[in-house]
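Me: I'm new to this one and would like to learn how to read it. Could you take me through it feature by feature?

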Amino acid sequence: MEHFMNLVLIKNIYIGIPMAALICYLFLLFCFLNVAEKSSEVRDLKAILSALLSWTGGAVLMRLQISPGIQFWYHVSLMGLFTIPILIYDFLFHYLDIRGKDRFLYGCMAVTVSAVLLNVFTGCILPPPEVQIMANGGISYHYHAKTGIWLLAAAEIFLLVYVTLLAHKKIGEQLEYRKKLGPLLIGTLLIMGGNILCVMPWSGDFPFDTLGGVGMAVCFVYIIYKQYLFSFSMRATTGAVYLIAVVVAFLPMIILEPNIDHVIGQTDSFTRQFITVFVVLQCLWMVLVMTYARKWLERILYQKKKHIVESLVEFQDMAASILNKKELYQRIRSTVSSAVPDSYARIFEKRDDHFVECTADGDRVLDTEEEARLRSFCGTGGIHKKPEIAVFKYDDKIYGFLYVELHRKNRLIYDEADCIRQIANSVSGALKNISAYEKVYQVSIHDELTGLYNRSYCSEFMKNLDIKEHPIGMIYLDMDNFKLYNDLYGEETGDQILKWSASQVQNLCSDKMSVFRVGSNEFLIIAEESRKEILLSFARLIQNTILEQKEDKPKVIQPITFSIGIAWDKNMAESARKLFRQARRAAFYAKGNGKNRIEIYEKSFEGQEQSREKGYEQVTPTIFALMAAVDAKDSFTFEHSENVSGYAMKLAAKMGLPKDDIQTAKVAGLLHDIGKIGIPESILKKKGKLTDEEYDVMKTHVENSIEMIHFLPNMNYVIPAVLSHHERYDGKGYPGGVKGTDIPILGRILAVCDSFDAMVSRRAYKDALSVEYAIGELEKGKGTQFDPDVAEAFIELIEEDPSFQVKAS
């Protein structure tokens, strides 16, 4: 031990510098020794550190004059020195994904190795140094440079410039890459400069070469730790553990070194056996220490990284399925808080030309000073530089960023910074999914023509309303004479009137109001307001605004007006849907009482309620006038409609439907085939089987019926039943191919009644079939053509009264 310290500190004081470089590189290599990653960057980094160890280790062993001698360790050191730049360039190319240069680097490596081997035998580049013993017993090394060293140095400088230009071109304006990789090139220059200084005549014995190596080690630590090039915090633990293990393993040898020197000169067998046993025990001790160190290290690293990885994986799994920004941002906060101790996640979102902070309590608009500071920070590229900031970006556009505010003294470790980056990457993908979903969702909940919320979203919206806890008011707007606009001016003008009216209503509404299109010419306003006077005042404002003459108003002679109904009292409605029906009923009364009126639903409406039967009585003359026109064209159709009407009333009553639905069944039965007035008689009265083309024409009677019903005032309620009376339970009917319980119940009733009467009645093309046969067909059609429950109820009606089919009408 005394001999070793004397050699290092007294006889050659400058050996401390290369030894410091050796320890640095040994530590760094140990940091990456236990890394399982198979990336080319990690492999290249290990190769660079191995070359640096070869260089500095060879220099140290040469100065310590360790066997097999100065010349051997000198050439080992030189081989490591000349291969370092090429390995660094290889690392740069892999890290920056510069392709097509592998053969070039392999060629450079082959030339370099060949030059070093040639120097071993000829000394044509830089022969081993001349060793001189100084007066104080120290050792001095003098280098004698040959022409070859300057040629090789020129080639290395040319290669450095070439690689630097390639890296500069690849990096471009990406400042984070410049900060990460720039120090690596500076370290290469320090190594080259130090070695050039060593061969200068005036350099003396100072080890400029390994001093440059220390500079390279500093650069390495800077880019790995400070610039987060690789995970270093945990790997530093790895390096420290292995370095301590090596010291512990060699500690017995260092302690016993003087005693071994004392006995080495003895030649008896006991001494030889003692040395042999000591060497074996030393080897076993080294294996034991390294094994224990590895196990202990793996346990430490696993525990430190496990929690971060688990938090990140859990977040990534959830982020893929989250379709709501608020939920996503809350997940970010909880994940960052869990993965990065003593931290708080702040989320900023870019909207139009400004930033807002998305907090758990809602969006916070930044003040002028904060906005200016943030813009300055982003403008200088600072948003990309700091590890505690990660950008949300997709489609080459920045949408916001995550800022992790630390409430602790120590900085982020690599794995925490990497976790933040990966969270941001997952968020970027999730935000893109959310954006796509919101676009599709917004299309699905908005009316294509007016841009208002559509009827289906209105139903969804009302499901989430609790009018007892949060009272609301509803204003129902029913456009007067809309059918007239379409008939007089065409559907295009009708659409323009709807769009204009919708925009007027939308512009009047505040943020606390939602506007829906709930019918062809009907709108609904749901307001966070339950005071009758305010709702009435707002309805009058709408009424007056619609009557105003404006430049963009569609040019029609008739005034555009609305019949408006208001519902507001939560004591008369147990749900939002009930309130909706009250507002619609109030609008119905406004239309019935002269149009362009406002009616407020009150308790007194209960006694004034108009039944569908009364509405039917008002249009009975018109209905029978149309039926007479059908009868004049085809008496079978008239008689069939009366029969179906009678059957449908009784079947609806049998199934326990409300009074209004029974009345609707009656009217729908009369009107279900009214559209046949538009079918050519050649098809309507044809005695043979219809061709496919003729059958297609016949099927249009459903749409014709609907068009004609539109002309009847206040009769739209029968349309669903009429429209669906030819739909089948298995979905193979027409016109919509609707199936199962999606078919309105009255449509399913009409389907059974229509088919039964068609079978038991005489037609121009067939005789009447027996009731028994018709019942059998109804049985066969259960679950395919007919609703099983409806068909069974109809069969029970017949069985209860065999003369039912005769007297139904």
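Me: What is the average pLDDT of the protein?

Reply: pLDDT is the predictor's confidence in each residue, from 0 to 100. Here the average is 77, and 71% of the residues score at least 70. Where pLDDT is low, the predicted coordinates should not be read in detail. Residues 1–13 stay under 50, and the model gives them 20 contacts beyond four places in sequence.

Me: How many helices and strands does the protein have?

Reply: Both are DSSP runs numbered from the N terminus: helices are H or I with at least four residues, strands are E with at least two. This protein has 30 helices and 12 strands.

Me: Which strands form the open sheet, and in what order?

Reply: The rule is that two strands pair if DSSP finds at least two bridges between them. Five strands make up this open sheet, in the order β5-β4-β3-β7-β6, with antiparallel pairing. The edges are β5 (362–365) and β6 (389–394); each has a single partner strand, so one side of each has no neighbour in the sheet. For angles, axes are lines fitted to C-alpha atoms, for helices over the stretch in contact, and the angles run from 0 to 180 degrees between N-to-C directions. With direction ignored, neighbouring strands of this sheet are turned by 30° against each other on average.

Me: Which residues stand opposite each other in the sheet?

Reply: Go pair by pair. β6 is joined to β7 (residues 397–406) by six bridges, and I389 has Y403 in β7 as its bridge partner. Seven antiparallel bridges link β3 and β7, with A345 opposite V404 in β7. Between β3 and β4 there are four bridges, and F348 stands opposite E357 in β4. Those two strands, β3 and β4, form a hairpin with two residues between them, and D352 in the turn has a positive phi of about 55°.

Me: Which helices lie across β6 and β7?

Reply: Helix α11 (residues 325–339) lies across β3 (343–351), β4 (354–359), β6 and β7, at about 150° to β3. Helix α13 (residues 414–445) lies across β6 and β7, running at about 30° to β6.

Me: Is C358 buried or exposed?

Reply: Buried means under 20% relative accessible area, exposed means over 50%, and partly exposed is in between (1.4 Å probe, protein chains only). C358 has 4%, so this cysteine is buried. C124, at 30%, counts as partly exposed. Of the 809 residues of the protein, 46% count as buried.

Me: How many disulfides are there?

Reply: A disulfide is a pair of cysteine sulfur atoms within 2.5 Å. By that rule the count is zero.

Me: Which residues does M79 touch?

Reply: M79 lies in helix α4 (residues 70–95) and is partly exposed, at 24%. Not counting residues up to four places away in sequence, M79 touches V113, V116 and L117.

Notes
Residues are numbered from 1 along each chain as its sequence is written. This is a predicted model: local features need pLDDT of at least 70, side-chain atom pairs count only at pLDDT 80 or more; totals for chains, interfaces and linings use all residues. Side-chain values use heavy atoms; hydrogens and water are left out. Contact means heavy atoms within 4.5 Å.
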